[in-house]
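Have a look at the structure first, then read on.

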Amino acid sequence: MSKYDAQIKEACEKFAHLLEGQLERVERINAAADFVDYDKLDKIVIGICGGDGIGPIITKASQTVLEKLLADRVAAGKVEFKVIDGLTIENRAAVGKAIPDDVLAELKSCHVILKGPTTTPQGGTGAKELESANVAMRRELDLFANVRPVSIPAEGIDWTFFRENTEGEYVLGSRGVSVPGELSCDFKVTTSEGTARIARAAFDFAKKNGKTRVCCVTKANIMKKTDGDFSRIAHKIAAEEYPELTVEDWYIDIMTAKLLDTASRSGFQVFLLPNLYGDIITDEAAQIQGGVGTAGSANIGSRYAMFEAIHGSAPRMIERGDGDYANPASMLRAAEMLLRHIGYADRADRLRAALDAATAPDSPIKITGRRGGSTCREM
């Protein structure tokens, strides 16, 4: 008999429950509906969810731009904006849920969502432990594909990252087990169905956009079961369904270095990654582009889609009273992606041109994030 028998039994029971939940999720993936055809909708409902910290400030600015660009469609009853409050850290902590039930119901009444950054309490600090609102939203709305473009034309960089959005370390990241004072275990999840659909999303994009090279980025030499399956499934689908593509295996550690290699990085095109690696490397790529404040992000599922900035809620800016100086560029990039997703590419082009002009080196708008620089409203 071990002195840890009771803790081991409790952990095994909890793990069995987690496995059951994940297998049920696989069944839901298999039963998912086909993708929405926005052209066939009588009206597209766009949810505007500010989040917290600087989120409401930069989201409101982006909403203003979207309303200007879609004014005729709103007047014709083809587009409706729906403001959704309640995703603040204070409200989420008060009800003890990553997404309060009433907020989730409102989100599900929309077709697409423009979402501001949200704060997630850090573990081990004594703060009430809450799952990330982003993680919960991706799961509840089954937003399995996180798509992040990075473009630096002057350097020949045109990258598109396809990050699996509902699995990996994130799906059970707040539900690990521990023997207090001795050890803690968190879990990483890879399903065949979840991997197949993100792989097809990346390969479809490559095929439709004239790309020939896809980099499958894992750590399969170490994480042999999860990352090993991710790589194996991706290569099988590529060989059977996309023979015109070249799919290469890269390990995440060397890929983070190769993105900084100016001699070879312009040769990369499309990246396919599990959840955690995609989260990390897309921030690096955004920094190469000019900072995380310059990049937007799309979270795509078959029924819903959510668009957001890739940076956080910047609570320090709010604490020092500098929220009005937050840079809305990332949210505006997300708004551009939203427009393209629902079929308004011409209006997305106008937004891109305006944003490029506003952030050009000779622009009078100089966002610094501090007093003395331009404000979000001025941009």
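## Cysteines

There are zero disulfides in this structure, a disulfide being a pair of cysteine sulfur atoms within 2.5 Å. Before going further: this is a predicted model, where local features need pLDDT of at least 70, side-chain atom pairs count only at pLDDT 80 or more, and totals for chains, interfaces and linings use all residues. Residues are numbered from 1 along each chain as its sequence is written, and side-chain values use heavy atoms, with hydrogens and water left out.

Cys 185 is partly exposed at 35% relative accessible area, while Cys 215 is buried at 0% (buried is under 20%, exposed over 50%, partly exposed in between, using a 1.4 Å probe and protein chains only).

## Nonpolar cores

The largest nonpolar core has 56 residues, and Ile 46, Val 112, Phe 203, Leu 272 and Phe 307 have the most contacts inside it. A core here is a set of buried Ala, Val, Leu, Ile, Met, Phe, Trp, Tyr and Cys residues joined through side-chain atoms within 4.5 Å. Helix α12 (residues 329-341) supplies the largest share of this core, eight residues; helices (H or I, at least four residues) are DSSP runs, numbered from the N terminus. Apart from that core lies another, of 18 residues, including Trp 159 and Phe 268.

Leaving aside neighbours within four places in sequence, Leu 272 is in contact (heavy atoms within 4.5 Å) with residues including Phe 162, Phe 203, Cys 215 and Phe 230.

## Helices α1 and α7

Helix α1 (residues 5-30) packs on helix α7 (residues 192-208) at about 40°, with the axes 9 Å apart. Axes are lines fitted to C-alpha atoms, for helices over the stretch in contact, with angles running from 0 to 180 degrees between N-to-C directions. That makes α1 oblique to α7, since under 35 degrees is roughly parallel, over 145 roughly antiparallel, 65 to 115 roughly perpendicular and the rest oblique.

Val 26, Ile 29 and Asn 30 of α1 meet Glu 193, Gly 194 and Arg 197 of α7.

## Tyr 277

Tyr 277 belongs to helix α10 (residues 275-289) and is buried, with 9% relative accessible area. Tyr 277 and Val 217 are 60 residues apart in sequence, yet 7.7 Å apart in space, C-alpha to C-alpha.

Terms used. Helices (H or I, at least four residues) and strands (E, at least two) are DSSP runs, numbered from the N terminus.
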